[in-house]
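Open the model in your viewer and keep the selection tool at hand. The stops below are given in the order in which to select them.

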Amino acid sequence: RWDYLGTRKINKSFDRDEIYVTHTEGSFNALKIKVTKRPITLYDMKVHYGNGSIEDNRLRVQIPAGGESRVIDLRGGNRLIKKVVFRYETKTNAGKRAEIKLYGRH
């Protein structure tokens, strides 16, 4: 099953954001990102695990508004996640800002 883990509104055209995940949400074996309001180019996603290790996923993928990424399987099976760091680019305007929504699969 997929659990919602958090959202970040994109404030700048090229930026970096973090979504923190608490240990009470459990361990996950895959992640995916949904994008709303504006399209983005997602360059990479770093997953920081509870044990201190970091998995760098270089994606360089365009995600349209209303679209989602492919399923990103995590190395090592079910793992506790501390946070996920995104690096992305989007076109901004005064009225609409893109949002990234993170989901995890148990």
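Select Tyr4 and then Tyr103 in β9: Tyr103 is the bridge partner of Tyr4. Keep in mind that this is a predicted model.

Now show the side chains of these two residues. How far apart are the ring centres of Tyr4 and Tyr103? The centres are 5.7 Å apart and the ring planes stand at 65 degrees; planes over 60 degrees apart count as edge-to-face, so the pair of Tyr4 and Tyr103 is edge-to-face. The structure holds one aromatic pair.

Next, colour the two strands. Tyr4 belongs to β1 (residues 2–9) and Tyr103 to β9 (residues 99–105), so the pair ties together parts that are 99 residues apart in sequence. β1 and β9 run antiparallel and are joined by seven bridges.

Is Tyr103 buried or exposed? With 16% relative accessibility, Tyr103 counts as buried. Tyr4, at 44%, counts as partly exposed.

Two stops remain, each with a charge over a ring. Select Lys32 and Trp2: the charged end of Lys32 sits over the ring of Trp2, 4.6 Å from its centre. Then select Arg79 and Tyr49: the charged end of Arg79 lies over the Tyr49 ring, 3.6 Å from its centre.

Terms used
Residues are numbered from 1 along each chain as its sequence is written. This is a predicted model: local features need pLDDT of at least 70, side-chain atom pairs count only at pLDDT 80 or more; totals for chains, interfaces and linings use all residues. Side-chain values use heavy atoms; hydrogens and water are left out. Rings of Phe, Tyr and Trp (its six-membered ring) pair if their centres lie within 6.5 Å; planes under 30 degrees apart count as stacked, over 60 as edge-to-face and the rest as tilted. Helices (H or I, at least four residues) and strands (E, at least two) are DSSP runs, numbered from the N terminus. Buried means under 20% relative accessible area, exposed over 50%, partly exposed in between (1.4 Å probe, protein chains only). A charge sits over a ring if NZ of Lys or CZ of Arg is within 6 Å of the ring centre and within 35 degrees of the ring normal. Two strands pair if DSSP finds at least two bridges between them.
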